[in-house]
Amino acid sequence: MIKKKLLKRDIELIPLEEIEQKHKDPSQELFNDSSYFNGISDDGSYFFVRQSFRTTRGNEFWLEVFFPDLGLLRLKQHPGEEGEGFQLGALRFDPVKLGTEWNVSFQGEMDLDGTSKKVKIDLHFTAETPIIDFQNAMIVDATAKAIAKAKWSRSFFEKLKDSKKQHFEQGGRIKGTIEIEGDSRPVDFSSMRDHSWGIRKWGGWKRHVWMCGMMENKQCFNVAMVQYDYMGQLSAGFVTEGEQIHYLREFPTIEEFASNPLFPDTLDLKFKYSDGKEYHLICDRKAFVPYNMDDEYHINEGVSFGTLNGIPIKMVTEFGFNPSHYDI
C-alpha cells in the first residue's frame with residue numbers, strides 16, 4: 001500500500017528558473033536553501049564552498065581551499081550580510097547561463113595554520129552533465145520498507161512531512177584563479193554542484209553518507225544514504241551516460257561498509273542502477289575537512305580517488321554523524 005502511494009505521488013516538474021534561484025520561506029521553521037560546489041584536481045588540490053540560507057537559525061557557510069605545497073586555507077569569519085541571490089558578503093555564486101554556467105567568487109581573509117591570508121577567488125563552473133533531480137532518484141521499494149518499519153505516530157508523520165526536500169545535482173569543471181597574498185594560481189578542478197531546499201534539522205539526522213564525483217570520461221556518479229532518528233535508511237543515487245541518467249536500484253546498508261570504522265579510509269562497494277548494470281566502486285580517501293553543524297551533527301567531507309568500473313574518478317566521500325548516537 002505504501003509503495004503504491006509513493007508510485008502514484010505527483011512528481012512536480014520544477015522549471016529551470018526555479019531550480020537556479022534561492023528559496024526563502026519565513027513561515028517554515030528551519031527552512032534551508034543550500035548551494036554547494038566542490039573541486040578536485042589530479043595533484044590532490046581541492047576546493048569546497050557552500051552557502052546555506054536559513055529562516056530561524058543563522059546562515060551557514062563553508063569555504064576551504066587546499067594546495068599540497070601550501071596547506072589548507074579555511075574561511076573562519078562569517079563572510080558578511082546576506083545579499084540578493086546567492087550572496088553572503090564577499091562570497092557569491094552568480095548564474096551566467098541557467099542550467100550550465102556559474103561564477104563563484106570571494107575576496108577576504110582566510111586562515112592558514114593560524115595565520116591570516118588575503119585571498120581572492122574567481123572561478124567559473126561549466127556543466128558537463130544534465131541536472132539530476134533527486135525526486136527521480138528515490139528508490140520506492142526501500143523508502144516504502146523504511147516507512148513501514150518505523151513506529152507510526154503523529155510526531156512521525158510530522159517529521160516525515162518535514163523531510164520532503166527538493167534536491168538537484170550536476171557535474172562539470174570549475175576553472176579560474178585563486179590568489180593568495182598576491183600570488184595568483186590557475187586552477188582546473190573536476191567539480192560537482194548541489195542545490196537543495198526544504199526543512200533541515202541537523203539534530204534529527206542519525207547518520208548519512210554522500211558520495212559524488214566526476215569520472216575521467218566526463219560522467220558523474222552519486223550515492224546518497226541517510227538515516228533519521230525516527231526512520232531507517234533512505235537511499236538515492238545516479239550515474240550519467242551522456243544525456244541519459246541511470247538511477248540507483250540496489251545498494252548496501254551503511255552498516256555493511258561503515259560500522260568498524262564508522263569513517264572508513266577505503267571503500268570497495270557494488271551498486272546496481274536502472275540500466276541493469278553493476279557498478280564497482282573502489283576508492284581511497286586522501287584527506288577530509290570536519291564541520292560542526294549547530295553543535296548537533298558532525299560532517300567529515302572526504303576527498304577520495306579511485307575507479308568506478310575501472311574508470312578513474314575523483315570524488316567527495318562525505319560521512320555525517322549525530323554525536324548523541326555515535327562516539328566519534
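Start by selecting strand S1 (31–40) and strand S11 (183–199): each of them supplies at least two residues of the lining of the largest cavity. Strands (E, at least two residues) and helices (H or I, at least four) are DSSP runs, numbered from the N terminus. You are looking at a predicted model, in which local features need pLDDT of at least 70 and side-chain atom pairs count only at pLDDT 80 or more, while totals for chains, interfaces and linings use all residues. Residues are numbered from 1 along each chain as its sequence is written, and side-chain values use heavy atoms, with hydrogens and water left out.

**Stop one: the largest cavity**

Now select Ile19, Glu20, Ser35, Tyr36, Phe37, Phe86, Phe93, Trp102, Arg193, Asp194 and His195, which line the largest cavity. A cavity is a set of points on a 1 Å grid over the protein atoms alone where a 1.4 Å probe fits but cannot get out, and lining residues have an atom within 4 Å of a point. The volume here is about 60 Å³, counted as the space filled by probe spheres set on the points. Six nonpolar, two polar and three charged residues make up this lining.

**Stop two: the second largest cavity**

Next, pick Ile19, Glu20, Ile131, Phe168, Glu169, Gln170, Arg193, Asp194 and His195, the lining of the second largest cavity. About 50 Å³ of space lies in it. Strand S10 (165–180) and S11 each give at least two residues to this lining.

**Stop three: strand S18**

Move on to residues 297–308, strand S18: 10 of its 12 residues are buried, so the strand is largely enclosed by the rest of the structure. Buried means under 20% relative accessible area with a 1.4 Å probe, counting protein chains only.

Two strands pair if DSSP finds at least two bridges between them. Find Cys283 and you will see its bridge partner in S18, Gly306. Three residues lie between the strands of this hairpin, where Asp294 takes a positive phi near 60 degrees.

On to strand S19 (residues 311–321), which pairs with S18 in the antiparallel sense over 11 bridges. Look for Glu301, which stands opposite Glu318 in S19. This hairpin has two residues between its strands, and Asn309 in the turn has a positive phi of about 50 degrees.

**Last stop: the whole chain**

Zoom out to take in six helices and 19 strands. Of the 328 residues, 53% count as buried.

Note on methods. Buried < 20%, exposed > 50% of the residue type's maximum accessible area, 1.4 Å probe, protein only. 1 Å grid on protein atoms, 1.4 Å probe; cavity = no way out; pocket = protein on both sides within 12 Å on 5 of 7 lines; lining within 4 Å. Nonpolar A, V, L, I, M, F, W, Y, C, P; charged D, E, K, R; others polar.
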